[in-house]
Amino acid sequence: MNAHRLHVAGKVGRNLLLVLWTLFALFPIFWMVLITFKSDSQMFNTTFWFNPTFENYEAVLFKTDYFKAFLDNIIVSAGAVLVSVVVGVPAAYALARFDFKKKEDLAFTILSFKFAPEILVILPLFMIYQKIGVYDSYFGLIWVYQLITMPLLIWVVRGYFEDVSVEIEQAAKLDGYRWWEIFLKILLPLIKPGLVSSALLAFIFAWNSFTFPLLLTSFNVETVTVASLKYIASDTVHYGQMAVAATVAALPEVILALIIQKHLVRGLSFGAVKG
Amino acid sequence: MDKKQSVQGKRKGGDDYLTSLTQVHWSVKARPYFIMAPALLITIGILYPFGTAIFYTFTNYSFKMPTWKFIGFDNWVNMFTDIDFWYSLGVSLSYAAATTIPQMLIGLGIALLLSRENWFTRILKVVLVFPLMIAPVIATLIWQLMTNTSVGILEKFLNLFGVYGFPWAASSKTALFTAALIDTWVYAPFVIVLVSAGIQSLPKSPFEAAKVDGGSAWFTFKTLTLPMLKPFLYIALIFRLMAALQEFAIIFALTKGGPGNTLMNLSIRGYTTGFQFMKFGQSLTYVLVLWLIIYVISQKLVGKYLLTQKQAAGTDS
């Protein structure tokens, strides 16, 4: 009887801790979305019950350049992922299938880009970008985003290639396929789910990038992470608009995360944890 | 276990094929380098400035002035004799500790709680990842809405407990706590996700054996679960620690290093020195030191990780 009580108490305790953490993790997101519908006048004297309004969305999306920042963010993030996929996937294939000198050194060099302090890269790059005229351009940002998207894609996709049995390739070779035909027609379709998920995760990382766009762009190109700063910095009392800016920047990522759920662990750990 | 061996068997069979790819002709030998060349060119193009960074620390280069000259080790001497540098180094280290330690503990704890399969934990494993997907800057924005003293919900919440006007990021006493809270909100899910995957990959039989032997829960955890989770914990630790040592976005969005210089870590000081005081050469010394610290620690940890991975594989078979 006593043991049973202890068991029940343990179960309740465990679930209580989980509920507490879940509240901590999810309440801020709920609160953010909630107050996007609150008018400025209701902000101070209401908590959960109020008359919902869309005026904050109107103000942010139609009366400021926030929507332009949203589009810019899509352009640079998608552009960066596209470049990384086109040149990174063959590189991942080479690392997975060929045996060549300095292979692991090359792989770790690419990985080390992820750990280099962004400010260290930015300071000299700021100067060079201004000299060669790519400062504050889509091209410049897409280029520097390779430091975020390329290591991720190369390392994760390499793992997916390694999971495919070499025998499949041998069989294809016997059938007269050339190596690049094997790559395009046999391997790529096999790793497609993993590749798409890695690309989407790379997109999320690029989308969330802040330091690069803050310091390497100014008026022409602006991302939502940088544009949202205006709402932090100003002494405005438009908290509802601040919430809209955050919601518009955050929700696409949450939806993408739901799509790639199954492959998330593998991507987040750069292929180290297969999940 | 059988599965693993069969995979290895396949690998062995495939070796002939792999060597056939690399031992034939020079053009075949050079092929992997050609395939990798574009990826390397693009990233090394970005890393070239890294080399120039060291060069510029020996100059008085400034964004303000058109000319510059060599000043030898002046920037380095200035930095090491400047108390602000040592203070910033301390901030970087204490920020890393104040974020990484709670995140690892919470991550392990929540992952263990989630290890029981039921409908509740299945849903939680999906939704608890959400904060991790949100940009740190945006997360800071969200928390500023929450901690705002006039409209913030947390003020109302604390009022229930008789606490009024908790200063959050506005006071030097609570700024580090606030930043670490936001950092943990964003990144603890990273540890949770990784360790959860680790727990799921654990073999069942040792745990059943321990149950039969009547080992206590704590004993099982200490002697079985924890050692087997080590590789996963190391991966989480490496990723979190490296990022926490150089955190920029959360601190910048929260206080720009303030109040005063409370949260002025090496990244923020490098930014301030370079982009606000325009002392380019000097700013690079700060971030180079930061890079060196990160490099040394990551080498150590990666080495340890590879070791635990070997050990785990050893006890596995």
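**Entry 1: a residue after a helix.** I began with A:Phe270, which is found in the segment after helix 15 (264–268) of chain A; helices (H or I, at least four residues) and strands (E, at least two) are DSSP runs, numbered from the N terminus. The model is a predicted one, in which local features need pLDDT of at least 70 and side-chain atom pairs count only at pLDDT 80 or more, while totals for chains, interfaces and linings use all residues. Residues are numbered from 1 along each chain as its sequence is written, and chains are lettered from A and ligands numbered from 1 in the order in which they are written. I noted that A:Phe270 has a phi near 55°, a positive value in a residue other than glycine. Is A:Phe270 buried or exposed? A:Phe270 counts as buried because 20 other C-beta atoms lie within 10 Å; the rule is buried at 20 or more other C-beta atoms within 10 Å of a residue's own, exposed at 12 or fewer, and partly exposed in between, with C-beta atoms placed from the backbone.

**Entry 2: another positive phi.** I then turned to A:Lys102, which is not a glycine and yet has a positive phi of about 65°. A:Lys102 is found in the loop between helix 4 (66–97) and helix 5 (103–115) of chain A, and A:Lys102 counts as exposed because it has 9 C-beta neighbours inside 10 Å.

**Entry 3: a cis bond.** In chain B I looked up the peptide bond from B:Gly258 to B:Pro259, which is cis, with omega near -5°. B:Pro259 is found in the loop between helix 12 (249–254) and helix 13 (266–276) of chain B.

**Entry 4: chain A as a whole.** I found 15 helices and zero strands in chain A. Chain A has a radius of gyration of 24 Å, whereas a compact globule of 275 residues would have one near 19 Å; this radius is taken over C-alpha atoms, and the globule rule is 2.2 Å times the number of residues to the power 0.38. Of the 275 residues of chain A, 48% count as buried. Chain A averages a pLDDT of 88, and 97% of the residues score at least 70, where pLDDT is the predictor's confidence in each residue, from 0 to 100. Confidence in chain A is lowest in helix 13 (residues 229–233), at a mean of 75, and highest in helix 11 (residues 211–216), at 94.

**Entry 5: the core.** Which residues touch the most other members of the largest nonpolar core? They are A:Leu153 and B:Leu194, in a core of 171 residues, where a nonpolar core is a set of buried Ala, Val, Leu, Ile, Met, Phe, Trp, Tyr and Cys residues joined through C-beta atoms within 7 Å. Helix 9 (residues 175–201) of chain B gives the most to this core, with 15 residues. Leaving out residues up to four places away in sequence, I listed some of the residues that B:Leu194 touches, among them A:Val265, A:Leu268, B:Phe232 and B:Ile235; two residues are in contact if their C-beta atoms, placed from the backbone, lie within 7 Å.
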